[in-house]
Amino acid sequence: MAIVCAGRSPELSWCSPWPPSLGGVSVRDHEVEMQDRSMVKIRRFDIADAPAVAGLIERCLREVNSRDYPREVIERMCDHFTEQRIKELAIQRQMFVAETNGIAGTVSRDGNKVYTMFVHPWAAGRGIGRLLMRHIEALAVIDGYDHMETGASITGHGFYHRLGYIDVRSTETEFGFNYILRRDLP
């Protein structure tokens with residue numbers, strides 16, 4: 001997928017619209033024009049986003065993750081990601097949202113750890129997840145980290161592989177089977 005950011009084509013080693021090496025380009029807040037000409041804005045989570053983010057996560061879990069996990073695990077995850085819990089997580093971590101006709105995705109980060117990565121089912125396959133991940137990876141590089149780590153569901157495992165993450169191990173959690181992955185940063 002071709003994307004354009006700040007008038008530049010990202011055929012760079014990062015496959016991202018904002019590698020830190022582009023000097024002068026802030027990675028704190030971005031608007032990116034997608035190939036289909038729609039605009040995606042990556043910005044910090046605001047407390048007023050909690051209902052939309054909780055709804056997005058629940059919809060992802062019920063419509064997408066439910067293909068890979070039993071109903072009781074999906075219910076446990078939905079019960080975990082309430083509006084209140086999203087607000088608490090946003091205090092503990094840096095949380096971001098992608099907007100295009102509403103909130104289309106979310107991700108959070110604590111240092112070089114990735115958490116709570118979800119893309120709305122209607123926005124899946126449009127590169128929004130990649131944009132969110134490259135955004136927090138760029139922030140991690142700026143903060144001096146040389147790699148990122150994440151836990152991935154069975155459902156998200158392939159997505160992280162396509163971004164260059166490699167398996168480190170797998171584990172059972174209260175939310176079912178989980179992969180731990182890592183990606184070296186440039």
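How many bridges join strand β7 to β8? The count is 7, and the two strands run antiparallel.

Strand β7 covers residues 166-173. Strand β8 covers residues 176-184. Together β7 and β8 form a hairpin, with 2 residues between them. Arginine 169 stands opposite isoleucine 180 in β8. Strand β8 also pairs with β6, again in the antiparallel sense, over 6 bridges. Here tyrosine 179 of β8 is the bridge partner of alanine 152. In a regular strand, side chains alternate between the two faces of the sheet.

Now to confidence. The chain averages a pLDDT of 83. Of the residues, 80% score at least 70. Residues 1-28 have a pLDDT below 50. This stretch still has 62 contacts in the model beyond near neighbours in sequence. Where pLDDT is low, predicted coordinates should not be read in detail.

Next, the packing. The largest nonpolar core has 24 residues. Those touching the most other members are Val107, Val114, Ile128, Leu132, Met133, Tyr160 and Tyr165. Several elements each supply at least two residues of this core: β2 (39-44), β3 (94-99), β4 (103-110), β5 (113-119), α4 (128-142) and β6 (147-152). Helix α4 gives the most, with 7 residues.

Leucine 132 shows the packing at residue level. Setting aside neighbours within four places in sequence, leucine 132 is in contact with Ile42, Phe96, Val97, Ala98, Gly105, Thr106, Val107 and Met117. A second, separate core holds 22 residues, including Phe45, Leu56, Leu61 and Val73.

Phe45 leads on to another site. Alanine 90 touches Phe45 and Met95, not counting residues up to four places away in sequence. Alanine 90 is found in helix α3, which spans residues 83-92. Is alanine 90 buried or exposed? Its relative accessibility is 18%. The cut-off for buried is under 20%, so alanine 90 counts as buried. Serine 108 is 18 residues away from alanine 90 in sequence. In space, the two are 7.8 Å apart, C-alpha to C-alpha.

Notes: Residues numbered from 1 in each chain as written. Heavy atoms only, no water. pLDDT = per-residue confidence, 0-100. Contact = heavy atoms within 4.5 Å. Helix = DSSP H or I, 4+ residues; strand = E, 2+ residues; numbered from the N terminus. Buried < 20%, exposed > 50% of the residue type's maximum accessible area, 1.4 Å probe, protein only. Core = buried A, V, L, I, M, F, W, Y, C linked by side-chain atoms within 4.5 Å. Pairing = 2+ DSSP bridges.
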